[in-house]
Amino acid sequence: MKFTLSWLKDHLETDATLDEICTRLTEIGLEVENVDDKAAFKPFVIAKVLSAEKHPQADRLKVLSVDTGKGAPVQVVCGAPNARAGLIGAFAAPGTYVPGIDVTLAVGNIRGVESHGMMCSEKELMISDNHDGIIDLPEDALVGQSYAAYAHLDDPMIEINLTPNRPDCTSIYGIARDLAASGLGTLKAPAAPSFAVEGETTVKVTLDLDDEKLCPGFALRLVRGVKNGPSPKWMQQRLLAIGLRPINALVDITNYMTFDQGRPMHVFDAAKVKGNLTVRRAKDGETVLALDQREYKLGPNNVVIADADGIESIGGIMGGEHSGCDENTTDVLIESALWDPMNIAKSGRGLGIITDARYRFERGVDPEYMVPGLERTTELVLELCGGIAAKADVVGYKGHEPKIVDFPYSEVKRLTGLEVSTTESTEILTRLGFKVFGSGERVSVAVPSWRPDVDGKADLVEEVMRIHGVDNIKPAPLESHAAVNGKILTMLQIRTRIAKRALASRGMLEAVNWSFISEDQAKLFGGGSPALKLANPIASDMSDMRPSLLPGLLSAAQRNADKGYGDVAIFEVSGTYENDRPEGQRRVAGGIRRGTASLAGAGRMWSNNAKGGGKPVDVFDAKADALAVIEACGLPMGNIQIEQGGPEWYHPGRSGTIKMGPKIVLGYFGEFHPLTLEALDVSGALCGFEVYIDAMAEPKKKATRTKPALELSPFQAVKRDFAFVVDKSVEAGAIIKAASGVDRKLVTGVNVFDIFEGASLGEGKKSVAIEVQIQPVERTLTDEDFEALTEKIVASVTKFTGGVLRA
């Protein structure tokens, strides 16, 4: 929100300096983001052309002798057609930065003649688009005076960072009201508009809506016989100062009202409106050419203003080009209406339109100012454009019913710690426009119509606190503890951090994605229920809460691949959503690998036998990542079970389910189903996993004890290889489990390093080769010991899998 100091003082009687005003704005919650003191205009001075001679080397240039009011005249080469002796204008000396041409002047040599500065046009000073000639001032302009002061260009511009809950301060009048309530000056009471009314507004308005909240009120007035030319200089300067381009008087008045009073207005050229106006829902497929010269396709969710020929305006957002006002407008219809904030927000986002009107209507405008706003706008139109005003036509508005809040004064102390007397609290609320009823320690407070953000007693406490002064809250030290603090983080928080570290240590990079995805993506990963659909999505493709981390990670990997980074390993540890209840939010560690971003384990591994080039990622990379998270979180790996297959978004033959015991599902891993990747428009070798951290059981509480010393066996470890022929249906994990369970003291590791299938093994058979690590602890093993252990391993594998030792 931008405004100038002089504009603010139109509504605030104060002697406060610019610095004092800015400090107070921040103190009362209207944070000052930027102050432009217009220092760039200070070097420009009023100067007089003493003589204008033809340039000896150029027909269109003149050599001027210019009196700047400081010392001897200076020589300036100028090409402006209106340059002449006696002209008084704005001069820029060498070293001056000229904003309109983005140049810092220096002494120049133009066709052999030195030029010591320049006489400026309005466009070069960015005060208008006029560049037909240099600025031509009246004869009474004082030579040597600051041009900025003369033209009122030295008016400081203030920009505040307005939070969405303060629609009352989308107007300069509202900002002045807050400053006055804080004690920095007095709010000037605006004079009631007064003008003659003649005749009726012949164009009538009908509200044809199935929900009256979409347009709670509509006011319209016809003004005949206007002359629509440029707006006055003072209005143009104020609009330019806040970044708006002056267009014509009628349009500039509506823009002025938007910022001055926070009341968006609209004007129709009455001659271009056919018949009466109807406020209705747009029909599916209807289009309108808007004032931004773009055509928009509308639907029933958009509320429009239409005449007999079709749509003339998108209600509360933007007018139509067809009925816009120009220099030929003689009769004008002035509109002042109320719109549903939620519908305005959804329509604006759906259409991709951002306007000052939408900005205010979607936050909530003052309903009680709908008619007074029309009166003030009419007064400005009559003052600047002339004409005769007809009687206003007001439809639909039923008046404002103020909210009543039960307010115990003790809440101020309870919520803020501030000692504020009941008298001061009452005075603060009254100065802000609230009405206080009752007496004692508990009162009823009526909320003013311009404060839709105030709903309860906590909001009233906030009002008292910010005006009384947040800086009055005294700092208090935190309570010290007599002993070392105990554990602060929960086990879920601890495991979340551990999971991140574990995945980062495996060469993966952390990603942070939106919690919102499109409905199609949500359904693809088991979500998409109505309960998880957002009521007010920030974009059409972010309509649902995510049921999985994988859609965001896959999309991120594809974006990297599109930019030439195909080998990506990324993870995220965050929330997913199964339903709209608290227990439906899961804490998940998920990750994907793409291309050749593999981190194969060290040692002999059957999947490491690829020759040449990088090995594409596969199901075993995802499995290793998932198990690394589980192990890092402290779960007993001996109780982990792997079952083939996973959810439908994984490849059915290259995926697995991780369980703790027969019932608790800890997660899934695998390569992705081709149809899933096609639906997401993702390509390449991809694998991924998700581990449910919140499904991990809390560790059993044990007596605090010192961690035992690391004990390493002094005896040499031995590795033995075995190859078993088993049915193809037998999982390798069953062989590993059978071999590991023979003697848990001696067998410290079992690893699959080769799988072979061939006709020599027989139909339906495969060979699985394992490496068994044997670690003696008490003594060196003899050949007889190894033979006995070997027999036990073979017998165990045969018993549990039906496998036989391969010859």
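Me: In this model, helices (H or I, at least four residues) and strands (E, at least two) are DSSP runs, numbered from the N terminus. Which loop holds Asp102?

Reply: The one between strand E8 (97-98) and strand E9 (103-104). This is a predicted model, with local features needing pLDDT of at least 70, side-chain atom pairs pLDDT 80 or more, and totals for chains, interfaces and linings using all residues. Numbering runs from 1 along each chain as its sequence is written, and side-chain values use heavy atoms, without hydrogens or water.

Me: What's the phi of Asp102?

Reply: Near 55°. That is a positive value, and Asp102 is not a glycine.

Me: Is Asp102 buried or exposed?

Reply: Exposed, with a relative accessible area of 56%. Buried means under 20%, exposed over 50%, partly exposed in between (1.4 Å probe, protein chains only).

Me: And Arg111, where is that?

Reply: In the loop between strand E10 (108-110) and strand E11 (113-115). Arg111 has a positive phi of about 55°, although it is not a glycine. Arg111 is exposed, at 53% relative accessible area.

Me: New topic: Gln775. Buried or exposed?

Reply: Gln775 counts as buried, at 17% relative accessibility. Gln775 lies in the loop between strand E42 (765-774) and helix H19 (783-801).

Me: Which residues is Gln775 in contact with, leaving aside neighbours within four places in sequence?

Reply: Ser713, Phe715, Gln716, Ala717, Lys745, Leu746 and Thr748. Contact means heavy atoms within 4.5 Å.

Me: How far apart are the C-alpha atoms of Gln775 and Met696?

Reply: They are separated by 31 Å. Along the chain, the two residues are 79 residues apart.

Me: On to H12. What should its residues span?

Reply: Helix H12 (residues 457-468) has 12 residues, which should span 16 Å at 1.5 Å a residue. The end C-alpha atoms of H12 are 16 Å apart, which agrees. The expected span is 1.5 Å times one less than the number of residues.

Me: Which residues of H12 are buried?

Reply: Leu460, Val461, Glu463, Val464, Arg466, Ile467 and His468.

Me: What covers them?

Reply: The cover includes helix H2 (18-27), helix H4 (172-181), strand E28 (404-408), helix H10 (410-416), helix H11 (422-431) and strand E30 (442-446).

Me: What comes just after H12?

Reply: Gly469, with a positive phi of about 125°.

Me: Last one: which residues of H13 meet H16?

Reply: From H13, Ile498, Ala499, Ala502 and Leu503. Facing them in H16 are Asp625, Ala628, Val629 and Ala632.
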